[in-house]
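Visitor: I would like to go through this model step by step. Please show it first, and then I will ask my questions.

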Amino acid sequence: MTFDWSVVFDSMPALLKGAGVTLEIAGIGLAGGLLLGVLLGLVRAYAPKVFNAIALVYIEIIRGTPIIVQVMFIYFAIPIMTGTRVDAMVAAIFAIVINSSAYIAELVRGAFLALPKGLTEAGLAMGMPFWQVLLSILAPVAVRRLIPPLGNQFITSLKDTSLFTVISVAELTRTGQEIMATNFKAVEVWSAIAVLYLIMTGFLSAILRLTERKMRIL
Amino acid sequence: MSIIDFQSVTKRFGDVTILDKITLSIDKGEIVVVIGPSGSGKSTFLRCINALETINEGDLLVDGTSVKGTPSDIRRIRREAGMVFQQFNLFPNLTALENVAFGARKVRGMHKKEAFELAESLLEKVHLADRKDNYPNQLSGGQQQRVAIARSLALKPQVMLFDEPTSALDPELRQEVLHVMQEVAQEGMTMVVVTHEMNFARDVGTRLLFIEKGHIVVDDDPKKVFENPDNPRLREFLSCVE
C-alpha cells in the first residue's frame with residue numbers, strides 16, 4: 001500500500017479541532033480533579049474519622065468502576081434520575097473530574113503522610129497553628145514529591161478522554177472515527193491521531209520535567 | 001521567678017505511667033540538664049513543657065500559662081519555649097538562612113528584610129555565616145543542628161528546650177553543637193537540656209535532674225553530683241555512661 005499524505009492534510013483541520021476538544025476536556029477536567037483530589041487527599045490524611053470514611057467510600061467507588069461506566073452513568077442515567085438533560089461535553093469533563101480526583105486523592109494522601117513527622121513537630125513547636133504548618137511547611141515539600149506521580153495521572157486522564165467517543169463528544173478519537181467512516185483510510189487517519197496524542201502527552205511530559213528540574217524534588 | 005512550673009504532673013501512654021506526679025519549678029536563667037536511662041521519661045518530660053505531649057493529671061505552667069489552656073495559649077507557650085530536636089527537623093526546601101528567617105516571619109510577623117537580617121546575625125552566632133545559602137542536605141549533621149538552634153533563637157524564646165541534640169551526631173560533630181549551646185547558655189538563656197553528654201552536664205549545667213521510671217530521683221547541683229553521687233542508682237547509671 002502507499003501512504004496517502006493528502007488524506008492526512010485534508011483531515012487535519014477537523015482532527016486539530018478534535019484535539020482542541022480533547023485538551024479542553026482534559027484541561028478543565030484535571031483542574032477540577034486536582035482541586036477535588038487535593039481536598040479529598042487532605043481529608044484522608046488529616047480529617048476526623050467520619051470525613052475520612054466518606055472520602056474513602058467515594059475513592060473506592062470511583063477507583064473500582066471503569067471510567068466508561070462512569071461517563072455512561074452521568075450521561076444516560078442521571079438524566080433519567082433527575083429529569084434534566086446532561087450536555088455531552090459537561091458529562092465528559094465531569095467524568096474526568098471525578099475519576100482523576102479519586103486517584104489524585106490517594107497520591108496526595110501518600111505524599112503528605114510520607115513526610116517526616118519531625119517537620120510537623122518543628123512547625124508546631126514554633127507556635128504555628130496546624131493549618132499554617134500544613135500550608136507553609138508540609139505543602140511545599142509534598143508538592144515537589146507529587147509532581148512525578150501527578151504527571152502519570154495527567155497523561156492517563158488525557159488519554160482516557162478518547163473513551164468519551166461513546167457519548168459522541170467530538171474529541172480527537174471521535175473525530176477520527178467519523179473521518180474514517182467516510183474515506184476508510186484507516187492507516188493514515190489512525191496514524192495522524194496517534195501522532196496528535198503523542199504531541200499532546202509529550203508536551204505535558206516536557207512541562208512536568210521542566211517543573212521538576214526547576215523545583216528540586218526533595 | 002519560676003518560668004516553668006510542674007504541679008504534680010502525670011503523663012501516661014495507655015496503661016504505662018511515663019511521668020508520675022512530678023512537681024518542680026525552674027527559674028529564669030537556670031541551665032537544667034536532664035539525664036536518665038532510656039525510657040525513663042526524660043524526653044516526655046521535655047515535650048510536656050511545650051505541649052507536644054498533653055499531660056493527664058496535674059498542671060504545668062510555662063511563663064504563667066497552662067499547657068492545658070486554649071489552642072492560642074498553647075501557641076503562646078510554644079513561641080516562648082523554643083525546641084531543638086534530636087533529628088534537627090530543618091525544612092528541606094529552604095536554605096539555612098531561609099530556615100532561620102522562617103519562624104521570625106511566619107510566627108513573629110517580622111518583615112522580610114528584618115527577618116533576614118536577624119537570621120544572618122544568628123547564623124553568624126552559630127558560626128555558619130558562610131553556609132547561609134546551603135540547603136540542609138548540603139550541610140553536615142552538626143551544621144544542621146546549629147542551624148536548628150539558630151532557627152529556634154530567631155523566635156526570641158524565653159526558654160530553650162533541647163531534646164538529645166547531639167545523639168544523632170558523630171562524636172567529632174558533637175563538640176561544635178555543644179560549644180554553641182554553651183555560648184547560648186552564657187548569654188543568660190534559660191535552658192532545659194535532655195542529654196547523655198556528661199561533660200556538658202557538669203561544666204555548663206547549673207542544675208541536674210536524674211529521672212528514672214517517671215520520677216525525679218536526683219535534683220541537685222551537677223558539680224556536686226558528679227563529684228560524689230550519693231544516690232546508688234545514679235552512681236550505677238554514671239558508671240555505665242562514662
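Visitor: Which residues touch the most other members of the largest nonpolar core?

Guide: This is a predicted model, in which local features need pLDDT of at least 70, side-chain atom pairs count only at pLDDT 80 or more, and totals for chains, interfaces and linings use all residues. Residues are numbered from 1 along each chain as its sequence is written, chains are lettered from A and ligands numbered from 1 in the order in which they are written, and side-chain values use heavy atoms, with hydrogens and water left out. A nonpolar core is a set of buried Ala, Val, Leu, Ile, Met, Phe, Trp, Tyr and Cys residues joined through side-chain atoms within 4.5 Å; buried means under 20% relative accessible area, exposed over 50%, and partly exposed in between (1.4 Å probe, protein chains only). The largest core has 87 residues, and those touching the most other members are Ile25(A), Phe164(A), Val169(A), Ile4(B), Phe6(B), Phe45(B) and Val192(B).

Visitor: Which helix gives the largest share of this core?

Guide: Helices (H or I, at least four residues) and strands (E, at least two) are DSSP runs, numbered from the N terminus. The largest share is 15 residues, and it comes from residues 88-113 of chain A, helix α4.

Visitor: How many residues are in the other core, which lies apart from it?

Guide: Among the members of that other core are Ala101(B), Leu123(B), Leu153(B) and Phe162(B). Its size is 39 residues.

Visitor: What does Ile25(A) touch?

Guide: Contact means heavy atoms within 4.5 Å. Leaving out residues up to four places away in sequence, Ile25(A) touches Leu30(A), Met89(A), Ala92(A), Ile93(A), Ile96(A), Thr161(A), Phe164(A), Val169(A) and Glu171(A).

Visitor: How many helices and strands does chain A have?

Guide: Along the sequence, the pattern of chain A is α-α-α-α-α-α-α-α. Of its 218 residues, 47% count as buried, and the C-alpha trace spans about 70 × 45 × 20 Å along its principal axes. The count for chain A is 8 helices and 0 strands.

Visitor: Which residues are linked with Arg44(A) in a network of salt bridges?

Guide: The structure holds 21 salt bridges over all chains. The network that includes Arg44(A) links it with Glu106(A) and Arg109(A).

Visitor: Why are Glu60(A) and Arg63(A) separated by about one helical turn?

Guide: Their side chains meet in a salt bridge, at 3.4 Å from N to O. Glu60(A) is partly exposed because its relative accessible area is 41%, and Arg63(A) is partly exposed at 33%. The reason for the separation is that they lie in helix α2 (residues 49-63) of chain A, 3 residues apart.

Visitor: Which residue of β5(B) stands opposite Leu61(B)?

Guide: β1 (residues 2-13) and β4 (residues 57-62) of chain B pair in the antiparallel sense over 5 bridges, and there Asp5(B) stands opposite Leu61(B). β4(B) also pairs with β5(B), over 2 bridges. On that side, the residue opposite Leu61(B) is Ser66(B).

Visitor: Which residue takes a positive phi in the hairpin of β4(B) and β5(B)?

Guide: This hairpin has 2 residues between the strands. The phi value is near 50 degrees, and the residue is Asp63(B).

Technical notes: Two strands pair if DSSP finds at least two bridges between them. A salt bridge is a side-chain nitrogen of Lys or Arg within 4 Å of a carboxyl oxygen of Asp or Glu.
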